[in-house]
Amino acid sequence: MKKKYLFLFLSVLFFNAAVAQDDVISVAKNQFKINPLLSPGFVYEHGFSAKNTLYSELSMAIGYRYNDFYGESTWYFVPRINEQFRHYYNLEKRAAKGKRTANNSGNFLALQTSYDFQSISTNKWFNEYCPSFTIAPVWGIQRTYKGKFNLDLNLGLGANFDKYDTELVPVANFSIGWVIGN
């Protein structure tokens, strides 16, 4: 009889521990996104702990320039790699208020590094777009809504390095896209 009670007690204890683990709020282990607007590209975000991810983005920065002297304008296209180590700090608070935390919907702090390659379009009347490397701490928000529509905004201040100059620059990234898969 005592064995049955002991077995029942251990079963309830094990069940409660298993259920408690399911209640842990955590970032998505693997998340793919496509950003077709503003700065078209692809994103992979890998969660390696409950609140930390590595965000990797390959995108195309698009810009427009006008030259008053020659009276001409041009579009330019710059391939970009963006890496961020993100720490999501308010997932439990959002969940407690009944707000979405799925697909890494939360606020984060991150260390961002980005590399802008040589422009793939050229115009003889404009300065050459010089490749550059930027590193910056950023604050951001990411929201994924029903239908997997995704908004991602991050802002910060960082250092930009290119072959001519090193300068302090504002950093801003806004993307609109969709989460692909689960």
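Reader: Which strand gives the largest share of the lining of the largest pocket, and how many residues does this strand supply?

Author: This is a predicted model, in which local features need pLDDT of at least 70 and side-chain atom pairs count only at pLDDT 80 or more, while totals for chains, interfaces and linings use all residues. Residues are numbered from 1 along each chain as its sequence is written, and side-chain values use heavy atoms, with hydrogens and water left out. Strands are DSSP runs (E, at least two residues), numbered from the N terminus, and β3 (52-67), β4 (72-88), β5, β6 and β8 each supply at least two residues of the lining. The largest share comes from β8, with six residues.

Reader: What is the volume of the largest pocket, and which lining residues are the closest to its centre?

Author: On a 1 Å grid over the protein atoms alone, a pocket is an open set of points where a 1.4 Å probe fits, with protein on both sides within 12 Å along at least five of seven lines; lining residues have an atom within 4 Å of a point. Grid points are joined across faces, edges and corners, and the volume is the space filled by probe spheres set on the points. The largest pocket has about 270 Å³. Of its 17 lining residues, the closest to the centre are Arg80, Gln112, Ser114, Val171 and Ala172.

Reader: Is Asn154 buried or exposed, and with which side chain does the side chain of Asn154 make a polar contact?

Author: Asn154, in strand β7 (residues 149-162), counts as buried because its relative accessibility is 0%; buried means under 20% relative accessible area, exposed over 50%, and partly exposed in between (1.4 Å probe, protein chains only). Beyond four places in sequence, its contacts (heavy atoms within 4.5 Å) include Arg86, Phe108, Val138 and Val171. A polar contact is a pair of N or O atoms within 3.5 Å; within protein, one must be able to donate a hydrogen and the other to accept it, and residues adjacent in sequence count only if both atoms are side-chain atoms. At 3.5 Å, the partner of the Asn154 side chain is that of Gln84.

Reader: How many bridges join β1 to strand β2, and which residue in β2 is the bridge partner of Asn35?

Author: Two strands pair if DSSP finds at least two bridges between them, and β1 (residues 30-35) runs antiparallel to β2 (residues 41-47), with six bridges. Gln31 stands opposite Glu45, and the bridge partner of Asn35 is Gly41.

Technical notes. Helix = DSSP H or I, 4+ residues; strand = E, 2+ residues; numbered from the N terminus.
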